[in-house]
Amino acid sequence: MEVVGVRIAMHWGQAIAGEPLNNFLDARIAVEELPGWPTEPISENRLLPGTPADHLTAMVNDRASHLAVDPWIPRIAGRIRAGEHSVAELADISGLSVRQLHRRCLTYFGLPPSILMRISRLHRAAARVPRLGNPDLSNLAVATGYFDQSHLNRETRQLAGEPPTKAFAVASNVRFVQYPPSGRSVALDSTR
């Protein structure tokens, strides 16, 4: 069985899915089960040339071409990814209470801001690994916002289910269909 997934830019998720992303937490949802998507499984669509990834790419592009994203979403997503603010500071910058920020993040991103910030910090650490070769994990931890190497180890095990060296090695071999927010065409891309 071939499994094809879509990695959608953080701020496009709710618009593409068609409903609040926290409804999908810890679930694997077939595209045909999403509101407004074709009901025929992608793998069974024999009328279109190409692979299931090609079909999924075309469907995501088609859906996104009819959508607009609230300007608040990419701004807060960028601030979360940057990791320069606490949750309270993000709420203040956004003109929201901490609870309102929490609810909006659940709706638009599927997770609370604190978890999104932890995931983004882990992504920043993983992105540095290929450039460093075999990195000194203690220096990597401090450079990417962890208190120390044990903090990096603990977070990596909690979020990825593996120690950093194994998780970072696996992450370098993952392939996604990436939906870019700029409207460029989607392509299979090896990302970290």
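**Exercise 1. A glutamate and its surroundings**

Leaving aside its neighbours within four places in sequence, which residues is glutamate 155 in contact with? Find its place, its burial and its polar contact.

*Solution.* 

Step 1. Start with the ground rules. This is a predicted model, in which local features need pLDDT of at least 70, side-chain atom pairs count only at pLDDT 80 or more, and totals for chains, interfaces and linings use all residues. Residues are numbered from 1 along each chain as its sequence is written, and side-chain values use heavy atoms, with hydrogens and water left out.

Step 2. List the contacts (heavy atoms within 4.5 Å). Glutamate 155 is in contact with Arg118, Arg121, Tyr146 and Ala160, leaving aside neighbours within four places in sequence.

Step 3. Glutamate 155 sits in helix α8, residues 149-160. Helices (H or I, at least four residues) and strands (E, at least two) are DSSP runs, numbered from the N terminus.

Step 4. Check burial. Buried means under 20% relative accessible area, exposed means over 50%, and partly exposed lies in between (1.4 Å probe, protein chains only). Glutamate 155 has a relative accessible area of 7%, so it is buried.

Step 5. Look for a polar contact. This is a pair of N or O atoms within 3.5 Å; within protein, one must be able to donate a hydrogen and the other to accept it, and residues adjacent in sequence count only if both atoms are side-chain atoms. The side chain of glutamate 155 makes one with the side chain of arginine 118, at 2.8 Å.

**Exercise 2. One face of a helix**

Which residues of α3 are buried?

*Solution.* 

Step 1. In α3, the buried residues are Trp72, Ile73, Ile76, Ala77 and Ile80. They cover an arc of only 120° around the axis, so they are on the same side of α3. The arc is that of the directions from the helix axis to the C-beta atoms.

Step 2. In α4 (residues 87-94), Leu90, Ala91 and Ser94 are buried. Down the axis of α4, these fall within an arc of 100°, so they line one face of the helix.

Step 3. Recall the geometry. An α-helix has 3.6 residues a turn, so residues three or four places apart point the same way.

Step 4. Look past the ends. Glycine 83 follows α3, with a positive phi near 70°. Glycine 95 follows α4, with a positive phi near 75°.

**Exercise 3. The cores**

How many residues does the largest nonpolar core have? Trace where they come from.

*Solution.* 

Step 1. Define the core. It is a set of buried Ala, Val, Leu, Ile, Met, Phe, Trp, Tyr and Cys residues joined through side-chain atoms within 4.5 Å.

Step 2. The largest one has 14 residues. Trp72, Ile76, Ile80, Leu90, Leu101, Cys105 and Phe109 have the most contacts inside it.

Step 3. α3 (72-82), α4, α5 (98-109) and α6 (113-132) each supply at least two residues of this core. The largest share, 5 residues, comes from α3.

Step 4. Zoom in on leucine 90. Not counting residues up to four places away in sequence, leucine 90 touches Ile76, Arg79, Ile80, His85, Leu101 and Met117.

Step 5. A second, separate core has 10 residues, including Leu122, Ala125, Leu140 and Tyr146.

**Exercise 4. Confidence**

Where in the protein chain is confidence lowest, and where is it highest?

*Solution.* 

Step 1. The chain averages 78, and 75% of the residues score at least 70.

Step 2. Confidence is lowest in strand β3 (residues 187-190), at a mean of 34, and highest in α4, at 96.

Step 3. Over residues 175-192 the pLDDT is below 50. Where pLDDT is low, the predicted coordinates should not be read in detail.

Definitions and conventions
pLDDT = per-residue confidence, 0-100.
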